[in-house]
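Biologist: Thanks for sitting down with me over this one. Could you show me the model, and then we can go through it together?

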Amino acid sequence: MKPMCKAELRQFIDQVSFMIDDITLFLDTHPDCREAIDAYNHFKMMRCEAVSDYVEQYGPLNRYDVDTCDDWNAWIDGPWPWEGACGC
């Protein structure tokens with residue numbers, strides 16, 4: 001994946017998440033479609049990598065991404081994802 005600024009990475013995560021949501025709706029009615037299953041796995045991998053990159057560079061996107069080995073401050077410190085601060 002090409003390097004992206006904070007806003008681009010967040011937008012990419014949103015776009016790939018939408019693709020996953022759309023594919024899962026299709027799979028609900030076509031559970032044996034190999035092409036859709038492959039697409040789901042592809043976009044899921046892309047999203048996991050993008051979220052991992054985002055968390056590493058900018059901090060957690062949601063409470064599931066918090067590393068609590070140290071303390072809870074990784075979640076409460078700094079700007080929250082919806083508070084802007086593009087960082088580009």
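Biologist: Which helix do the buried residues of α2 pack against?
Modeller: Keep in mind that this is a predicted model. In α2, the buried residues are A36, F43, A50, V51 and Y54. The element that these buried residues pack against is α1.

Biologist: Now the rings, please. Why is the pair of Y54 and Y58 called tilted?
Modeller: The count of aromatic pairs comes to 1. Ring centres must lie within 6.5 Å to pair, and planes under 30 degrees apart would be stacked while those over 60 would be edge-to-face. The centres of the Y54 and Y58 rings are 5.2 Å apart and their planes stand at 55 degrees, so the pair is tilted.

Biologist: Is Y54 buried or exposed?
Modeller: Y54 and Y58 both belong to helix α2, 4 residues apart, or about one turn of the helix. Y58 has a relative accessible area of 30%, which makes this residue partly exposed. Y54 has a relative accessibility of 3%, and anything under 20% counts as buried. For Y54, then, the word is buried.

Biologist: Let's turn to charges. What is the distance between the closest N and O atoms of D38 and R34?
Modeller: Both residues lie in helix α2, 4 residues apart. D38 is partly exposed at 41%, whereas R34 is exposed at 51%. Their side chains form a salt bridge, with the closest N and O atoms separated by 3.1 Å.

Biologist: And which residue meets R10 in a salt bridge?
Modeller: There are 2 salt bridges by count. R10 is partly exposed, with a relative accessible area of 29%. The N to O distance is 3.5 Å, and the partner is D14.

Biologist: One last thing: how far apart in space are M19 and Y40, C-alpha to C-alpha?
Modeller: M19 sits in helix α1, which covers residues 6-29, and is partly exposed at 32%. In sequence, M19 and Y40 are 21 residues apart. In space, their C-alpha to C-alpha distance is 8.1 Å.

Note on methods:
Residues numbered from 1 in each chain as written. Predicted model: local features only at pLDDT ≥ 70, side-chain atom pairs only at ≥ 80, totals over all residues. Heavy atoms only, no water. Phe/Tyr/Trp six-rings, centres within 6.5 Å; stacked < 30°, edge-to-face > 60°. Helix = DSSP H or I, 4+ residues; strand = E, 2+ residues; numbered from the N terminus. Buried < 20%, exposed > 50% of the residue type's maximum accessible area, 1.4 Å probe, protein only. Contact = heavy atoms within 4.5 Å. Salt bridge = Lys/Arg side-chain N within 4 Å of Asp/Glu carboxyl O.
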